[in-house]
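Student: Please walk me through this structure. I would like to learn how to read its features.

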Amino acid sequence: MMAVASIRSVFAGRTFAQIGLVWLAFVALAAIFSPLIAPFDPYEIDPIARLTEPGWPHLFGTDHFGRDSFSRALYGARMTVLIGLGAVIVALLTGGLVGMLSAYFTRLGHVLMRGVDVLMAFPALLMALVLMTLLERSVMNTIIVIGVVYATTTARILFGMTLKLKGEVFVDAAVCSGAGHASILFRHILPNLVSPLLVQASFIFAFAQLQAAALDFLGLGLPPEVPSWGNMLSEERIYVTRAPWLLIFPGALIILSVFSMNLVGDAMRDSIDPRFKDDIAGV
Amino acid sequence: MLFYTIKRLLALIPTLLAATMLVFLFVHLIPGDPASILLGDTATPEEVAALTRELGLDEPLWTQYLIWLGNVLQGDLGTSVFFGTPVLTVIADGAETSILLATMTMVWIVLFGVPIGIVSAMNKGRWIDQITSGGAMLFASIPTFWLGLYLILLFAVGLGWLPSSGFPSLTDTGGVTNLRYLILPSLTLAAPNAALIIRLVRASMLDVSREDHVRTARAKGLRPSRVAIRHIFRNALISVTAAFGFTFAALVSEAVVTETVFSLPGIGRLVVQSILRRDYPVIQGVILVIVVLYMFINLLVDLAYARLDPRISLK
Amino acid sequence: MTITSWLKTATAAGAFLAIAGAAQAEGVLRYATVGEPPTLDQQVVTSDLATTIAQHVFEGLYTFDSSNSPVPLLAAGETISEDGKTITIALREGVKFHNGQDMTSADVVASLKRWGEFGSRGGLLFEHVESVEATGDHEIRITLSAPFGPWKNLMAFLNGGPAIYPASIVEGAGKEPLSPENYIGTGPYSFNAWEANRYVELVRFDDYVSPEGEADGYGGERVAEFDALRFIPVPDVGTRVSGLRAGDYDYAESIPGDLFAELEGDPNVNTILNGGPLFGLVFMNSSAGPLAENYALRRAIQQAIDKVPALQIAIGPEGLWRSNGSFLPEGNVWYTEAGTEAFSQGDAEGARAAAEAAGYTGEPIKFMVSTNYPFHYDTAIVYTKQLAQAGFNIDLQVYDWATLIEKRSQPDQWDMFFTHHGFVPDPILISVMNDNYPGWWATPEKAELKAAFTASSDPAERVDIWSQIQELIYEQVPTMKTGDVYTYNIASPELDGLGEATLIWPHFWNVSK
């Protein structure tokens with residue numbers, strides 16, 4: 001009940017963010033139930049029905065393989081959630097841990113944060129490009145590469161926030177009461193970082209979609225057959241005048257979802273501890 | 001201040017060294033080899049092996065690295081496997097486009113971003129604030145290649161106002177007027193990046209307006225708009241400068257997609273093409289140059305910061 | 001500055017912009033290419049893009065007319081001895097290189113020798129060559145160990161072929177491509193600049209001496225009408241199309257079939273079909289893995305596939321592809337239906353039984369394809385589905401082209417890979433005829449037929465032997481043809497003299513704007 005109440009207070013009076021939240025809920029539902037809702041197999045090829053206009057039974061038309069775009073869009077929601085969550089988990093687990101440990105154990109931090117500095121100097125997209133060429137095109141690798149790209153910024157942010165908390169009275173109190181390092185880090189410090197982390201996660205989720213689409217466009221993202229919105233755009237982009245619906249639907253889906261995620265993140269940012277506000281990047 | 005600068009410069013060395021090692025390792029782990037790509041379909045394995053030897057690609061990795069590093073320290077980034085010309089020349093050719101593109105993008109960002117940021121801070125919480133912040137965020141949510149595609153269709157193919165793609169150098173026929181080739185790409189690139197600046201300008205104006213000297217100015221009875229422009233903006237500039245620095249560095253490298261869509265001969269497209277061609281020296285060179293650029297901008301921003309706000313260098 | 005003066009300045013600047021834009025490209029042809037060629041050195045490179053550019057700079061002794069027959073270019077004519085082993089070629093006199101020197105037999109001999117030793121396709125001819133010597137300032141003699149039928153076709157095919165360079169440049173040159181400062185030929189355009197990432201520029205060669213006679217294919221008179229030709233890399237196909245539509249390029253290559261109808265209806269665009277079709281090839285590994293030696297299994301794979309749906313999806317409109325099993329297209333002298341009943345059966349059940357009989361038990365078959373060419377990828381996706389329906393366990397491996405090239409040279413890495421082949425005027429030039437080409441098809445049956453094929457110089461006999469070779473290809477399936485693809489390019493309607501179709505590579509002498 002408390003969670004519901006706090007969500008209410010975060011989104012109170014923010015009409016746009018509320019709409020965004022509703023849209024994201026739709027995306028999540030589509031992702032979960034896509035096999036049940038999708039009228040066609042998203043991989044089913046039909047040479048006779050290629051490039052058909054939107055209508056019945058192909059709500060979003062068909063692509064140049066004759067695959068049903070609506071079904072692919074539904075499965076694309078699944079990829080959106082998978083890539084977003086995957087990138088968030090990779091970034092928070094690796095970057096977050098490095099950042100927290102570095103701030104807590106100063107000596108270790110000296111070494112680790114230097115490493116983070118080195119990685120920060122690599123331009124994000126270039127690093128992703130090189131890594132993707134090095135690995136193979138797959139869903140897993142795309143998630144890892146995008147996650148790693150955002151791990152560095154996450155490490156920086158968590159480093160800063162943990163450092164601020166370390167000097168707080170309640171941490172000193174915990175130390176005095178004989179708590180171990182793990183207990184201080186994860187039971188006393190981490191809980192205070194949950195809401196700023198959520199904000200950071202929402203921005204990573206949003207950016208990951210755009211990064212994934214950019215990689216797809218450059219031919220270095222998900223395997224081209226995988227139904228994702230980025231793939232639908234980049235695989236069919238030559239049909240922009242011949243079959244405009246192939247670019248309009250997935251394009252609108254990406255924009256709406258990224259926009260919604262940004263709105264939600266923005267609303268949450270305004271409600272977190274003011275000490276941490278400046279630490280979090282994003283739009 | 002001088003001591004601080006030297007200290008910061010020295011600190012760059014190990015970071016740079018680690019970065020070069022990483023670049024070298026990554027690039028050489030990529031499967032595929034330049035020799036067989038250069039020689040094409042009909043080359044025999046012996047011929048490929050011979051060219052590989054000639055290119056020095058058969059040495060152990062760490063030997064190759066040391067040789068490369070030694071050359072880099074003497075200002076020689078090596079020779080492009082594909083073009084056969086010095087990497088530095090290839091990069092310099094691309095740099096013209098990239099720097100002009102980033103600069104023009106910056107101009108749009110400042111032209112649109114700063115006034116919008118100020119207006120939205122002055123109207124905090126009102127509808128105009130909501131519309132501008134929301135609009136900026138919407139632009140930041142559009143995939144760049146999608147936006148670029150439609151801009152080309154509308155302004156180049158449909159209306160015929162602007163060229164669709166390519167960029168003849170400023171020294172080419174047409175001279176400065178060739179900048180018109182960069183209008184659409186720079187707008188495409190500015191769209192997502194303006195949002196960050198708008199938010200920053202807005203946030204720093206709000207922060208600064210809470211500070212004491214602004215309150216004093218208000219108390220003295222100065223008109224609110226004067227207070228806003230003179231005091232708030234000048235101080236807000238400090239933190240915004242920093243953001244500009246980073247944005248500029250990011251623009252040079254994040255332009256990969258834009259340069260591909262608009263077929264611009266910049267550094268971003270050079271990297272993508274070089275990866276496809278496995279032109280190791282060029283990939284290494286470009287990434288190295290961008291990393292160095294990024295670090296120096298980082299440093300300059302910090303130094304500018306320290307100068308504008310003396311409290312920092314005391315830390 | 002007052003508002004009016006500001007307006008005036010702006011208007012003036014606008015007018016200037018417009019003029020500068022219009023004046024920029026009067027005598028310049030702007031050609032949007034798919035990328036940058038690896039080199040222009042024709043002797044060693046087989047890239048079609050390289051030849052498209054380089055044919056304006058370099059010339060060979062022979063070239064092809066519009067019926068794909070070899071005709072003299074730098075040669076004036078030839079005589080062949082009774083026994084067919086001695087060929088004496090007279091050279092045209094007064095031909096100048098771009099460096100001002102006259103072309104003599106010394107240049108031709110040096111060029112042929114380097115090509116014979118290091119050229120991509122030189123070995124095909126020079127296996128049979130005993131000597132090449134100058135017998136006069138403008139005459140050379142080639143002595144063969146045995147009569148060799150396709151010599152003239154090989155000499156006329158510029159791609160990986162015997163371009164004539166000055167002796168001073170080509171003597172001492174090896175396998176490594178010549179560097180740009182040495183791009184000196186005899187063509188109607190000379191090499192001017194290669195701006196990495198930007199363009200390759202050729203300029204008119206004022207001292208060009210054209211062959212005589214009416215222009216016919218690549219033969220006959222050549223007139224350089226443009227001041228310069230600019231080949232601009234525009235890798236993204238969408239950008240090539242919209243760039244041409246917007247008037248930023250005069251010519252753009254390699255356009256997707258699906259846009260054909262739309263572009264043909266556009267008054268601002270002319271479509272130009274390429275005469276010779278290219279064709280997809282799925283090579284099978286003859287050296288290692290489950291497919292090596294197992295011809296029955298390979299035939300079962302071919303049996304499972306219906307080539308038509310793949311062509312419909314990958315290419316699009318009916319007119320741009322043909323489900324043709326002959327390696328050379330209908331109408332060509334080399335056209336034959338030998339073996340082609342196996343070309344496209346789409347018989348999943350029959351294939352399943354045949355595979356079982358061949359001892360196939362569902363082990364994975366690694367099929368490599370690249371995404372750099374959308375038609376490769378699209379076709380491979382369709383085949384994989386069809387093969388799965390016939391019970392084959394296909395492991396589709398998607399790489400970029402550079403990785404695929406690396407992997408295919410290692411026999412243990414793959415079982416099938418997808419590539420395509422350009423149109424060639426003589427079947428001896430098809431890659432599967434080369435024993436060293438990845439796939440490594442070198443069976444005794446092949447060797448026997450190939451020897452007979454090259455030894456004969458009787459056209460009718462050679463056509464007959466070729467049909468036997470094609471039949472063998474359908475029996476041993478070293479490679480699987482996917483059908484003919486008629487590619488097309490697009491041009492600005494302002495270009496005059498392009499003709500209806502391109503022979504092999506688009507050329508721009510006798511073309512003006």
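**A buried helix and its surroundings**

Tutor: Start with α13(C), whose buried residues are C:A402, C:T403, C:L404, C:I405, C:E406 and C:R408. Before going on, note that this is a predicted model, where local features need pLDDT of at least 70, side-chain atom pairs count only at pLDDT 80 or more, and totals for chains, interfaces and linings use all residues. Residues are numbered from 1 along each chain as its sequence is written, while chains are lettered from A and ligands numbered from 1 in the order in which they are written.

Student: How is "buried" decided?

Tutor: Count neighbours. A residue is buried if 20 or more other C-beta atoms lie within 10 Å of its own, exposed if 12 or fewer, and partly exposed in between, with C-beta atoms placed from the backbone. Helices (H or I, at least four residues) and strands (E, at least two) are DSSP runs, numbered from the N terminus.

Student: What do the buried residues of α13(C) pack against?

Tutor: Here we need contacts: two residues are in contact if their C-beta atoms, placed from the backbone, lie within 7 Å. The buried residues of α13(C) pack against β15 (365–370), β16 (394–399) and β17 (416–421) of chain C, together with α2 and α12 of chain B.

Student: How many residues of chains B and C are in contact?

Tutor: The contact joins 43 residues of chain B to 37 residues of chain C. On the chain B side, the elements that give two or more residues are α2 (34–39), α3 (45–54), α5 (87–122), α7 (144–158), α11 (256–261) and α12 (267–277). The largest share, 5 residues, comes from α7(B).

Student: How do I read the make-up of that side?

Tutor: Sort by class. Ala, Val, Leu, Ile, Met, Phe, Trp, Tyr, Cys and Pro count as nonpolar, Asp, Glu, Lys and Arg as charged, and the others, Gly among them, as polar. The side of chain B that touches chain C has 19 nonpolar, 17 polar and 7 charged residues.

Student: And where chain A meets chain B?

Tutor: That contact takes 31 residues from chain A and 37 residues from chain B. On the chain A side, α4 (106–121), α5 (124–134), α8 (181–217) and α10 (245–271) each give two or more residues. α10(A) gives the most, with 9 residues. By class, the chain A side has 24 nonpolar, 3 polar and 4 charged residues.

Student: What does the UniProt record say about chain A?

Tutor: An unreviewed UniProt entry lists "domain: ABC transmembrane type-1" for residues 77–265 of chain A. Such positions are given in the numbering used here, feature names are shortened, and annotations may be inferred rather than shown by experiment. In the model, residues 77–265 of chain A are 83% helix and 0% strand, with the end C-alpha atoms 19 Å apart.

Student: How do I read a nonpolar core?

Tutor: It is a set of buried Ala, Val, Leu, Ile, Met, Phe, Trp, Tyr and Cys residues joined through C-beta atoms within 7 Å. The largest has 319 residues; those with the most contacts inside it are A:A87, A:A128, A:L129, A:I146, A:I204 and B:V271. Its largest share, 18 residues, comes from α8(A). A second, separate core of 6 residues includes C:F453, C:I469, C:L472 and C:I473.

Student: How do I judge the overall form of chain C?

Tutor: Begin with its parts: chain C has 15 helices and 20 strands. Its radius of gyration is 25 Å, close to the 24 Å that the globule rule gives for 513 residues, so chain C is as compact as a globular protein of that length. The radius is taken over C-alpha atoms, and the rule is 2.2 Å times the number of residues to the power 0.38. Buried residues make up 53% of the 513 residues in chain C.

Student: Where is C:P478, and is it buried or exposed?

Tutor: C:P478 is in the loop between α15 (459–476) and β18 (479–485) of chain C. It counts as buried, with 24 C-beta neighbours inside 10 Å. C:P478 and C:M284 are 194 residues apart in sequence, yet 5.4 Å apart in space, C-alpha to C-alpha.
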